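Me: I'd like to learn how to read packing and side-chain pairs in a model. Could you walk me through one?

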Amino acid sequence: MITAIYPGSFDPITFGHLDIIKRSVRVVDELIVGVVFSHNAKNALFSVDERVRMIEEVTKDLEHVKVVPFRGLLIDFAKDMKADVIIRGLRAITDFEYELQMSQTNHRLHAEIETMFLTTSVEYSYLSSSVVKEVAKFGGDVSQFVPEISAMELRKKMKQKGECK
Ligand code: PNS
């Protein structure tokens, strides 16, 4: 029985994230999508509850997937969840340095849990939540980048913030 954590900010979930989730469930027995409360380098647009709800909605038809928010260190969360492996998506070479540092640090902290990488499907290799938020901020159509629920919530959020029409 292999339990995996797919951690991230998911602010909001994109088709790139969903692609990694769907491909991961094919190779593990249970997938826990770990949604970080806050992120040092970024201020989340959506609250953790909003991000969890969006992920639950788009994964509702997938078996063996659960969505769990976490605070603190990813490796501690992975231990608490009795995970065997952490899954991360790799888009381009620019992701590599950060991912290598993170996986090696996590390995030093707890060597029993491995990090495994799935390379992003080519059609999503340019995609990031930050770029999607930028497009949404200026009223652009994000429907080709994110599931409908994310697009809807982005429109609502941008309206609330007075960012777009
Ligand atoms: O979607 P993101 O923003 O790339 O996800 C980054 C995330 C949440 C996986 C990373 O920031 C994380 O693990 N945060 C929890 C704190 C932690 O364990 N940091 C790594 C120590 S090397």
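Predicted model: local features only at pLDDT ≥ 70, side-chain atom pairs only at ≥ 80, totals over all residues.

Me: Which residues touch the most other members of the largest nonpolar core?

Reply: A nonpolar core is a set of buried Ala, Val, Leu, Ile, Met, Phe, Trp, Tyr and Cys residues joined through side-chain atoms within 4.5 Å. Buried means under 20% relative accessible area, exposed over 50%, and partly exposed in between (1.4 Å probe, protein chains only). Here the largest core has 32 residues, and Leu 31, Val 33, Ile 87, Val 142 and Leu 154 touch the most other members. Among the elements giving two or more residues to this core are strand S1 (3–8), helix H1 (15–25), helix H2 (48–58) and helix H6 (148–160). H2 gives the most, with five residues. Helices (H or I, at least four residues) and strands (E, at least two) are DSSP runs, numbered from the N terminus.

Me: What does Ile 87 touch?

Reply: Contact means heavy atoms within 4.5 Å. Leaving out residues up to four places away in sequence, Ile 87 touches Ala 4, Ile 5, Tyr 6, Pro 7, Ile 20, Ser 24, Val 28, Leu 31, Met 116 and Leu 118. There's also a second, separate core of 12 residues, which includes Phe 70, Leu 74, Ala 78 and Ile 113.

Me: How many aromatic pairs turn up in the whole structure?

Reply: A pair of aromatic rings is described by the distance of the centres and the angle of the planes. Rings of Phe, Tyr and Trp (its six-membered ring) pair if their centres lie within 6.5 Å; planes under 30 degrees apart count as stacked, over 60 as edge-to-face and the rest as tilted. The search finds three such pairs. One of them, Phe 70 with Phe 77, is stacked, at 4.6 Å centre to centre and 10° between the planes. Phe 70 is buried at 6% relative accessibility, and Phe 77 is buried at 6% too.

Me: And why is the pair of Tyr 126 and Phe 145 called edge-to-face?

Reply: Because the ring centres of Tyr 126 and Phe 145 are 6.1 Å apart and the planes sit at 70°. Tyr 126 lies in the loop between strand S5 (114–119) and H5, and Phe 145 in the loop between H5 and H6, so the pair ties together parts that are 19 residues apart in sequence. Tyr 126 is partly exposed at 46%, whereas Phe 145 is buried at 13%.

Me: Now the charges. How many salt bridges are there?

Reply: Side chains of opposite charge can pair when their charged atoms come close. A salt bridge is a side-chain nitrogen of Lys or Arg within 4 Å of a carboxyl oxygen of Asp or Glu. This structure holds 10. In one of them, Asp 11 pairs with Lys 133, with the closest N and O atoms 2.7 Å apart. Asp 11 lies in the loop between S1 and H1 and Lys 133 in helix H5, so this bridge ties together parts that are 122 residues apart in sequence. Asp 11 is buried at 4% relative accessible area, and Lys 133 is buried at 17%.

Me: How far apart are the closest N and O atoms of Asp 19 and Arg 23?

Reply: They're 3.0 Å apart, and the two residues form a salt bridge. Asp 19 and Arg 23 are four residues apart in helix H1, so about one helical turn separates them.

Methods
Residues numbered from 1 in each chain as written. Heavy atoms only, no water.
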